[in-house]
Protein chains: 2
Amino acid sequence: MADEQGTVSFAMVGGDGPHSYRHNSSYQAGAVASAKALISNAIAEIFDVNHLTTSSGSIGIADLGCSVGPNTFITVKNIIDSVELKCQSHGFGSQVLEFQVFFNDHVSNDFNMLFKSLPNDRHYFAAGVPGSFHGRLFPKASLHFVNASYAIHWLSRVPKDVVDEQSPAWNKGRVYYTNAPNQVIKAYSAQFARDMDSFFEARAQELVSGGLMTLVIPCLPVGTAPSQSPIMAVADLLGDSLLDMANMGLVSEDKVDSFNLPSYNPTPQELENLIKRNGCFEIVKLEPSGRAPVTKETAPNIQMFMSHLRAAWGGLLVEHFGVEIMDDLFVRFTEKVADSSTLSPSSYRMMVELFVLLQRKAA
Amino acid sequence: MADEQGTVSFAMVGGDGPHSYRHNSSYQAGAVASAKALISNAIAEIFDVNHLTTSSGSIGIADLGCSVGPNTFITVKNIIDSVELKCQSHGFGSQVLEFQVFFNDHVSNDFNMLFKSLPNDRHYFAAGVPGSFHGRLFPKASLHFVNASYAIHWLSRVPKDVVDEQSPAWNKGRVYYTNAPNQVIKAYSAQFARDMDSFFEARAQELVSGGLMTLVIPCLPVGTAPSQSPIMAVADLLGDSLLDMANMGLVSEDKVDSFNLPSYNPTPQELENLIKRNGCFEIVKLEPSGRAPVTKETAPNIQMFMSHLRAAWGGLLVEHFGVEIMDDLFVRFTEKVADSSTLSPSSYRMMVELFVLLQRKAA
């Protein structure tokens, strides 16, 4: 959904159906599992229970870009278990400590489903917070821990120039920057930089001094071309499928030209520079999550991979093209992916899953 | 929706359709309007801006039983405008004050619709909180103002004895206590007392010392029989309509016998006693809201009244009887109401809309 300013607001596919994110998020679940130990260790090492649990009555936790679960519930439980463990080891009775968890995603996220799926045995007060994490969502200094897994690579909008016929960055005939001219890549990179400026500025205000933030984001290793990354190569095949349909008159060429995926995979260095430019956070860790690269044994089968993509991108595509063409589009798209070698285990080495641990400096 | 313990969890009819609460809540809107000045005055007179705005970074506000709007947005705006006004008159710059508003209702409430309807020009951070207000919903001492309009008369469950064939309080052949034996009325009253104990206990923990709570609740004047109240008499006509349908084989008699409306209208004295029994709140005001009794000119027309009832009770009825019988039921029910004199202006004098203003005592 794009407003007049071109800002996009979309969410993973809601509900409980076969194309829902709820039933198609096992790839992201792997990321959650691999981040688990990293988060636990971060809390054990640097979460300051003396300071953070006495300065306020309760611990505020936010999961940004939470979608509908179940991954968000696993992440949140891990954070709380780790804080409670640390409190116990420091002689605090964890029974007096209360947690308030804020589940955030776009307004169009299926919060009804999220709320219905909340674990009954949870040890926290739950709240849903609708809105873009590129702006302020919470009062000043109200959060102690913020997590965003597979979220900040989504841009707040398609870069303006990319859909401007007059611009040298006009991305005609493509839906992504994978094999695009340098100007297009620069437009995407500049949009990501602007979005991260807003993101870190907002979080810097919302986190208490000493509060922690963890990010998991798919990155491109320095020196790797976008086309070498499997997910980016796949995005190009989506563009090819749409162009085929335009050539057959099944969808208008203008529609295809005006569609671009609003997501960007920075290099680790690029993200590090943006964090430093903001200046409010200490970089405690910025390293590959350590998840094993996909091997022959663990390579996703194509149907499962495509189901994941449909859950993640389906909302955007339906918003732009209408629901009617979706089945046809995904049949063509799946064929192209199957015919390509983009999902071979070796291609996965061209992607890094970056784990970032930040601590809010004293304001 | 009743769980194994018989606890009910239901919400006003969601969505945007002709039977939705969103389009059928103008009666409650009248209550919101009449409470507006009372809330503004309460804040002007006793909201301690010095204490409450310096002890924490932001002001926490909760609207309990918020449904989907628009009434909740009007109430919240009034609270915030009043606090800002008071801050300005005390020389606080309101630009530094931040508000976090928690919209609460049952899990089955249509939060997606609520979030989509949030005013764009709001001056607060919004969060949705799913769950029963008969239990804890927020961390200790995290709220400064709590409101519940037309909410606390809903019970957490149908009183157990009322659906127990072995009990003297078994309410066979009725769906409410309007014309029921004393034992049934007592069972309802006892359930309300238990629910209010939990309610005040939870709020006492969640509100900061000096924090305010406003309640608007339809009450029965002392000495008035339930059958004299228009809404309770109407509930009996719902029971009659269901019995007619049972006699015609359109619904099973058992189904009708096991259905009871989980709501209770106390007398003002009864509510006052329960607040005192809890002991954590100063009763600042407990008085009729001052809304003019319905006159010949302002009496609701029957269709509008029935639409309101369907938005409020429809969810419960569908849950128990299924959606199939709803249109038929409401045709019969409407005929009975039209043939009765329950909606005459004079009958409205038998109902009091009580406005209660409470202040959390120092803990």
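Biologist: Through which surface do the copies, chain A and chain B, meet?

Modeller: The copies meet through the same surface, because 100% of the interface residues of chain B are also interface residues in chain A. Contact here means heavy atoms within 4.5 Å. Chain B brings 24 residues to the contact and chain A brings 24 residues.

Biologist: What should I know about the model itself?

Modeller: This is a predicted model, in which local features need pLDDT of at least 70 and side-chain atom pairs count only at pLDDT 80 or more, while totals for chains, interfaces and linings use all residues. Residues are numbered from 1 along each chain as its sequence is written, chains are lettered from A and ligands numbered from 1 in the order in which they are written, and side-chain values use heavy atoms, with hydrogens and water left out.

Biologist: Which rotation superposes chain B on chain A?

Modeller: Copies are superposed by least squares on the C-alpha atoms of residues with pLDDT of at least 70 in both. Here a rotation of 180°, with 0.0 Å of shift along its axis, places chain B on chain A with an RMSD of 0.0 Å. That is the relation of a two-fold axis. B:G128 is the residue of chain B that comes closest to the rotation axis, with its C-alpha at 2.4 Å.

Biologist: How is the size of an interface often given?

Modeller: It is often given as the accessible area lost when the parts come together. The figure used here is the area lost to a 1.4 Å probe when two parts are put together, summed over both. Between chain B and chain A it is about 2100 Å², and carbon and sulfur atoms give 57% of it. On the side of chain B, the residues that lose the most area to chain A are B:F115, B:F125 and B:P139, together 26% of what that side buries.

Biologist: How many salt bridges are counted between chain B and chain A?

Modeller: A salt bridge needs a side-chain nitrogen of Lys or Arg within 4 Å of a carboxyl oxygen of Asp or Glu. Four are counted between chain B and chain A. A salt bridge joins the side chains of A:E98 and B:K140, at 3.9 Å from N to O. There are also 10 residue pairs in polar contact between chain B and chain A, both residues at pLDDT 80 or more. A polar contact is a pair of N or O atoms within 3.5 Å; within protein, one must be able to donate a hydrogen and the other to accept it, and residues adjacent in sequence count only if both atoms are side-chain atoms.

Biologist: Which elements of chain B supply the side that touches chain A?

Modeller: At least two residues each come from β2 (98–105), α4 (111–116) and β3 (125–130) of chain B. Helices (H or I, at least four residues) and strands (E, at least two) are DSSP runs, numbered from the N terminus. β3(B) gives the most, with six residues. By class, this side of chain B has 14 nonpolar, five polar and five charged residues. Ala, Val, Leu, Ile, Met, Phe, Trp, Tyr, Cys and Pro count as nonpolar, Asp, Glu, Lys and Arg as charged, and the others, Gly among them, as polar.

Biologist: Where is the cis peptide bond in chain A?

Modeller: It runs from A:G69 to A:P70, with omega near 5°. A:P70 sits in the loop between β1 (58–64) and α3 (71–89) of chain A. In chain B, a cis peptide bond joins B:G69 and B:P70, with omega about 5°.

Biologist: Is A:S67 buried or exposed?

Modeller: Buried means under 20% relative accessible area, exposed over 50%, and partly exposed in between (1.4 Å probe, protein chains only). A:S67 has 2% and is buried. A:S67 belongs to the loop between β1 and α3 of chain A, and its phi is near 55°, a positive value in a residue other than glycine. B:A141 also has a positive phi, about 50°, although it is not a glycine. B:A141 lies in the loop between β3 and β4 (143–149) of chain B and is partly exposed, at 45% relative accessibility.

Biologist: Which residues of helix α8 of chain B are buried?

Modeller: In α8(B), residues 268–278, they are B:P268, B:E270, B:L271, B:E272, B:L274, B:I275 and B:N278. Their cover includes α5 (182–206), β5 (207–219), β6 and β7 (352–360) of chain B. Just after α8(B), B:G279 has a positive phi of about 85°.

Biologist: Which residues does B:E282 touch?

Modeller: Not counting residues up to four places away in sequence, B:E282 touches B:L357, B:L358, B:Q359 and B:K361. B:E282 and B:K361 are 79 residues apart in sequence, yet 6.2 Å apart in space, C-alpha to C-alpha. B:E282 lies in strand β6 (residues 281–288) of chain B and is partly exposed, with a relative accessible area of 45%.
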